[in-house]
Amino acid sequence: TLKGRTLVIQGTFEGLQTPATVARLHRAQKGVRGPAVFDLTTSGGTSGTISATIELSPSQVDDLGRERFYVQLHSEKAPDGNLWGWLMPRESRR
């Protein structure tokens, strides 16, 4: 959820073969790997939660609208990441 320039991320994961170690928000064009720009909080375990409250710059708000951010979750046996989730704007409802 984006309110002003404050981005709140809340999500869940399940079914990992080994416990989660870190979660990060990365910036790149959709479908391409990019650098980590923010650390997120993960509850760990093979199932759990990911969360963060992040103050974005104006250019980062623009990047968010252009679908240039994704969450990457790492685990003990997948240190390069094993779950990726792109942040996409919700379509307006009529």
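These legends walk through several views of one predicted protein model.

**A note before we start.** Because the model is predicted, local features need pLDDT of at least 70 and side-chain atom pairs count only at pLDDT 80 or more, while totals for chains, interfaces and linings use all residues. Residues are numbered from 1 along each chain as its sequence is written, and side-chain values use heavy atoms, with hydrogens and water left out.

**View 1. The whole chain, from end to end.** Read from the N terminus, the order is β-β-β-β-β-α-β-β. The C-alpha atoms fill a box of roughly 40 × 25 × 25 Å along the principal axes. For 94 residues, a compact globule would have a radius of gyration near 12 Å, and the 13 Å of this chain agrees with that. That radius is taken over C-alpha atoms, and the globule rule is 2.2 Å times the number of residues to the power 0.38.

View 2. The accessible surface comes to about 6,200 Å², and 47% of it belongs to carbon and sulfur atoms. Such areas come from the Shrake-Rupley method with a 1.4 Å probe; for residues, only the protein chains shown count as cover. Of the 94 residues, 33% are buried. Buried means under 20% relative accessible area, exposed over 50%, and partly exposed in between (1.4 Å probe, protein chains only). The chain carries 12 positive and 9 negative side chains, and the centres of the two sets lie 5 Å apart. Lys and Arg count as positive and Asp and Glu as negative, with His and the chain ends not counted; the place of a charge is NZ of Lys, CZ of Arg, CG of Asp or CD of Glu.

**View 3. Ala-20 and its neighbours.** Look for Ala-20 in strand E3, which covers residues 20-27. Ala-20 is buried, because its relative accessible area is 10%. Leaving out residues up to four places away in sequence, Ala-20 touches Phe-13, Thr-42, Gly-44, Gly-45, Leu-73, His-74 and Ser-75. A contact means heavy atoms within 4.5 Å.

**View 4. Asp-39 and Arg-24, a link between strands.** These two residues form a salt bridge, their closest N and O atoms being 3.2 Å apart. Asp-39 lies in strand E4 (residues 36-42) and Arg-24 in strand E3, so the pair ties together parts 15 residues apart in sequence. A salt bridge is a side-chain nitrogen of Lys or Arg within 4 Å of a carboxyl oxygen of Asp or Glu, and by this rule there are five. Asp-39 is exposed at 60% relative accessibility, whereas Arg-24 is partly exposed at 28%.

**View 5. Glu-67 and Lys-30, a link between loops.** The side chains of Glu-67 and Lys-30 meet in a salt bridge (3.2 Å, N to O). Glu-67 sits in the loop between H1 and E6, Lys-30 in the loop between E3 and E4, and the two are 37 residues apart. Lys-30 is partly exposed, with a relative accessible area of 46%. Glu-67 also has a phi near 60°, a positive value in a residue other than glycine.

View 6. Asp-63 forms a salt bridge with Arg-68, with 3.3 Å between the closest N and O atoms. Salt bridges that share partners join Arg-27, Asp-63 and Arg-68 into one network. Asp-63 is buried, at 8% relative accessible area, while Arg-68 is partly exposed, at 24%.

Methods
Helices (H or I, at least four residues) and strands (E, at least two) are DSSP runs, numbered from the N terminus.
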